[in-house]
Amino acid sequence: IHKNVIASAAAIAAAEIEGVKGITKNVFSPIKVDINKNEEVSVVIPLIVKYGYNIPEVADKVQENVRRALEEMTNLAIKDININVKAIERG
C-alpha cells in the first residue's frame with residue numbers, strides 16, 4: 001500500500017472529528033507516513049483545530065479515529081500516530 005493512500009485515509013479519518021478545522025496543506029508540513037522494515041506504520045498529522053475546542057481532547061480523538069481507520073483499511077500494524085497542532089482557526 002503506497003504511503004499516499006495511507007496519508008489520504010488518515011486525513012479523511014482526522015477530518016471526521018468534531019473540532020478539526022483541517023489538515024495543513026503546506027508543502028513543508030504534509031502528513032508524513034513512514035513504514036519500517038517490520039511493516040509498522042508511523043504517521044505524523046499536522047492539524048488545524050477550531051477555536052474554542054479542547055486541543056488535547058481533539059488530538060486524542062483524532063489519534064483513535066485514525067488508528068481505527070488505518071487498521072481496518074490496511075491491516076498494517078500502526079506503531080505511532082503523532083498529532084502536530086499547527087494552528088487554531090475560527091470554525
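Student: Which element of the protein has the lowest mean confidence, and which the highest?

Tutor: This is a predicted model, in which local features need pLDDT of at least 70, side-chain atom pairs count only at pLDDT 80 or more, and totals for chains, interfaces and linings use all residues. Residues are numbered from 1 along each chain as its sequence is written, and side-chain values use heavy atoms, with hydrogens and water left out. With pLDDT being the predictor's confidence in each residue, from 0 to 100, and helices (H or I, at least four residues) and strands (E, at least two) being DSSP runs numbered from the N terminus, the lowest mean is 93, in β1, and the highest is 97, in α2.

Student: Which residues of α1 are buried, and on which side of the helix are they placed?

Tutor: Taking buried as under 20% relative accessible area, exposed as over 50% and partly exposed as in between (1.4 Å probe, protein chains only), the buried residues of α1 are I6, A7, A9, A10, A13 and A14. Because they cover an arc of only 165° around the axis, by the directions from the helix axis to the C-beta atoms, they lie on the same side of α1. On the other side, the exposed residues are N4 and I12.

Student: Is K79 buried, partly exposed or exposed, and which residues is K79 in contact with?

Tutor: K79 belongs to strand β4, residues 77-89, and its relative accessible area of 46% makes K79 partly exposed. Counting heavy atoms within 4.5 Å as contact, and leaving aside neighbours within four places in sequence, its partners are N36, E40, V41, S42 and R67.
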